[in-house]
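Me: I would like to go through the labels used for this structure and ask what each one rests on. Please set each value against its cut-off.

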Amino acid sequence: MIVVEEAHERDVPSIVSLHAEAFPDSFLTSLGGLFLDWYYRSIVSSPNGICLVAIDGGIPIGFVAGRIEPGGNTGFAGLTKLVPFAARLAVSHPIRLAQLGRRFLWQRREAETLVEADSELTSIGSSPQRRGEGIGRKLVKAFASSVEHAGKRTISLTTDFDQNDEVRSFYESLGFVVATRFDRDRTMVQYIAAIDQIL
Ligand SMILES: CC(C)(COP(=O)(O)OP(=O)(O)OC[C@H]1O[C@@H](n2cnc3c(N)ncnc32)[C@H](O)[C@@H]1OP(=O)(O)O)[C@@H](O)C(=O)NCCC(=O)NCCS
């Protein structure tokens, strides 16, 4: 039976593997396991973070992550943990470090165009061998329950606009509607849903 549970620090290595499988070509995956470990650990340990894992027979098969109060950041303590990683990246992959800096700047600029919501779903993935079994839908519903539990009402997320019909249909079938579109190095779309529409 598939159950969705709150993720703990011990689940981070499985979430990192699931992320790498779900997003093999993404920029965050290209930064490597050390970065993803920091990224998900900072969400799991943040009071505003929501990180859930789907488990079947003791095996993690999917995850969803995000946060309430999306205007915030990981905080100074979280960012200081990134320093050793950034130093290593500066030596091994200086271009990647520059790209990472550019993404932080994009996010600050995009914050002005995005429609406000009181939570953000930042990543979701299910095991490639288990797609279409309802794991993604269960994860989004559990995420919405956590948002409701935190006393919040709306969820936003951004995804690729182009060549992403299946993922966009997935969100739309759950009740998400397009809030805005914007350009990075590619066109992105922001979706918003009220949790009542999802639950
Ligand atoms: C998006 C994702 C999390 C959906 O997970 P899932 O476990 O397959 O989701 P579900 O089984 O609950 O599917 C829900 C619906 O979406 C459809 N769907 C979801 N992903 C699909 C895909 N990649 N191809 C075709 N249909 C898909 C399912 O057919 C299903 O439709 P139905 O309810 O009408 O039968 C999964 O495809 C994934 O991990 N993708 C790679 C990572 C990604 O793109 N994440 C989102 C980025 S913002």
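Me: What makes the place of Leu28 a helix, and which helix is it?
Reply: Leu28 is found in helix H2. Helices (H or I, at least four residues) and strands (E, at least two) are DSSP runs, numbered from the N terminus. This is a predicted model, in which local features need pLDDT of at least 70, side-chain atom pairs count only at pLDDT 80 or more, and totals for chains, interfaces and linings use all residues. Residues are numbered from 1 along each chain as its sequence is written.

Me: Why is Leu28 called partly exposed?
Reply: A residue is buried if 20 or more other C-beta atoms lie within 10 Å of its own, exposed if 12 or fewer, and partly exposed in between, with C-beta atoms placed from the backbone. Leu28 has 15 C-beta neighbours inside 10 Å, so Leu28 counts as partly exposed.

Me: Which residues does Leu28 touch, leaving out those up to four places away in sequence?
Reply: They are Phe23, Phe35, Leu36 and Tyr39. Two residues are in contact if their C-beta atoms, placed from the backbone, lie within 7 Å. As for Ile192, 164 residues from Leu28 along the chain, the two C-alpha atoms are separated by 23 Å.

Me: Why does Leu157 count as buried?
Reply: Leu157 lies in strand E5. It has 23 C-beta neighbours inside 10 Å, and the cut-off is 20 or more, so Leu157 counts as buried.

Me: Why is Gln163 called exposed?
Reply: Gln163 has 8 other C-beta atoms within 10 Å, and the limit is 12 or fewer, so Gln163 is exposed. Its place is in the loop between E5 and H8. Gln163 also has a positive phi of about 50°, although it is not a glycine.

Me: What makes Gln129 exposed, and where is Gln129 found?
Reply: Gln129 is found in the loop between E4 and H7. With 8 other C-beta atoms within 10 Å, Gln129 falls under the rule of 12 or fewer and is therefore exposed. Ile61 is 68 residues away from Gln129 in sequence and 9.0 Å away in space, C-alpha to C-alpha.

Me: How do you know whether Gln197 is buried, exposed or partly exposed?
Reply: Gln197, found in helix H9 (residues 195-198), has 14 other C-beta atoms within 10 Å; that count is in between the two cut-offs, so Gln197 is partly exposed. The C-alpha atoms of Gln197 and Lys141, 56 residues apart along the chain, are separated by 10.0 Å.

Me: How do you know that the buried residues of H1 line one face?
Reply: The buried residues of helix H1 (residues 12-22) are Val12, Ile15, Val16, Leu18 and His19. Seen down the axis of H1, they fall within an arc of 165°, so they line one face of the helix. The arc is that of the directions from the helix axis to the C-beta atoms. These residues pack against helix H2 (27-30), helix H3 (33-45), strand E2 (49-56), strand E3 (59-68) and E4.

Me: What makes a set of residues a nonpolar core, and how many residues has the largest one?
Reply: A nonpolar core is a set of buried Ala, Val, Leu, Ile, Met, Phe, Trp, Tyr and Cys residues joined through C-beta atoms within 7 Å. The largest has 40 residues, and those with the most contacts inside it are Tyr40, Leu52, Phe63, Val64, Leu139 and Phe143. Helix H7 gives the largest share of this core, seven residues. Beyond its neighbours within four places in sequence, Val64 is in contact with Leu52, Leu121, Ile124, Leu139, Val140 and Phe143.

Me: Which residues around the ligand are the closest?
Reply: The ligand is surrounded by 17 residues, and the closest are Ser126, Arg131, Ile135, Gly136 and Arg137. A residue belongs here if its C-beta atom, placed from the backbone, lies within 6 Å of the molecule. The elements that give two or more residues to this shell are strand E4 (119-126), helix H7 (135-149) and helix H8 (165-173). The largest share, four residues, comes from H8.

Me: With what does the radius of gyration of the protein chain agree?
Reply: The rule for a globule is 2.2 Å times the number of residues to the power 0.38, and the radius is taken over C-alpha atoms. With 199 residues, a compact globule would have a radius of gyration near 16 Å; the protein chain has 16 Å, so the two agree.
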